[in-house]
Amino acid sequence: MTAGQRDAALKDANEKMRQYQLNRPSLEVIHESKRRSKQRDNEHYIQALILGSFLAAFVMTPFLGHRIATDEDFRKRLVPSWYDFSIEKPKSAWTRAELHEQLVQVQSDLHERAIRGEFTPEKLEEMRRHFDGVDPKNDKHGWGKLHPGVDDDEDVED
């Protein structure tokens, strides 16, 4: 492109730009054309409806789940049998009296062991390091230790 052609192209571009600046539409006309779009007016209502639905479901879920978990008749009406994974609550293995007897027996056993002298400081230190019934001399791999990473000369914290 020669210098003359370039100057002519710049003059032509400047003239077109000046005509655009003089003849551009006013902002009111541009805003009116945007306001005429009635299609998008209902989108806000639809989005608000969807948001409200999700919010209501989010709030209602814990209450509905609690009712399903506690009300047997409601669960049978609402949850299909193929989707009901609830199990019967097992009967307790011990009664209160049996549990009390077992606790009393453990307490008396510990009392008798204390009288026999099984809880001296040396034996307590050994109990803090190894499981009950494990001989530390025959445990060559250290699987019977309560704290496997602690050496024998280190202190074991309570």
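The following exercises, each with a worked solution, concern a predicted model.

Residues are numbered from 1 along each chain as its sequence is written. Local features need pLDDT of at least 70 and side-chain atom pairs pLDDT 80 or more, whereas totals for chains, interfaces and linings use all residues, and side-chain values use heavy atoms, without hydrogens and water.

**Exercise 1. State how many helices and strands the chain has, and what share of its residues is buried.**

Step 1. Helices (H or I, at least four residues) and strands (E, at least two) are DSSP runs, numbered from the N terminus. The chain has six helices and zero strands, in the order α-α-α-α-α-α.

Step 2. Buried means under 20% relative accessible area, exposed over 50%, and partly exposed in between (1.4 Å probe, protein chains only). Of the 158 residues, 6% are buried.

**Exercise 2. Describe the salt bridge between Arg-18 and Glu-15.**

Step 1. A salt bridge is a side-chain nitrogen of Lys or Arg within 4 Å of a carboxyl oxygen of Asp or Glu. Side chains of opposite charge can pair when their charged atoms come close.

Step 2. The distance from N to O in this pair is 2.4 Å. Both residues lie in helix α1 (residues 3-23), three residues apart, about one turn of the helix.

Step 3. Arg-18 is partly exposed at 45% relative accessibility, and Glu-15 is partly exposed at 33%.

**Exercise 3. Identify which residues are linked in a network of salt bridges.**

Step 1. The side chains of Glu-118 and Arg-113 form a salt bridge of 2.8 Å, N to O.

Step 2. The network links Arg-113, Arg-116 and Glu-118. Glu-118 is partly exposed, at 24% relative accessibility.

Step 3. Helix α5 (residues 96-116) is followed by Gly-117, whose phi is positive, near 90°.

Definitions and conventions
The expected span of a helix is 1.5 Å times one less than its number of residues.
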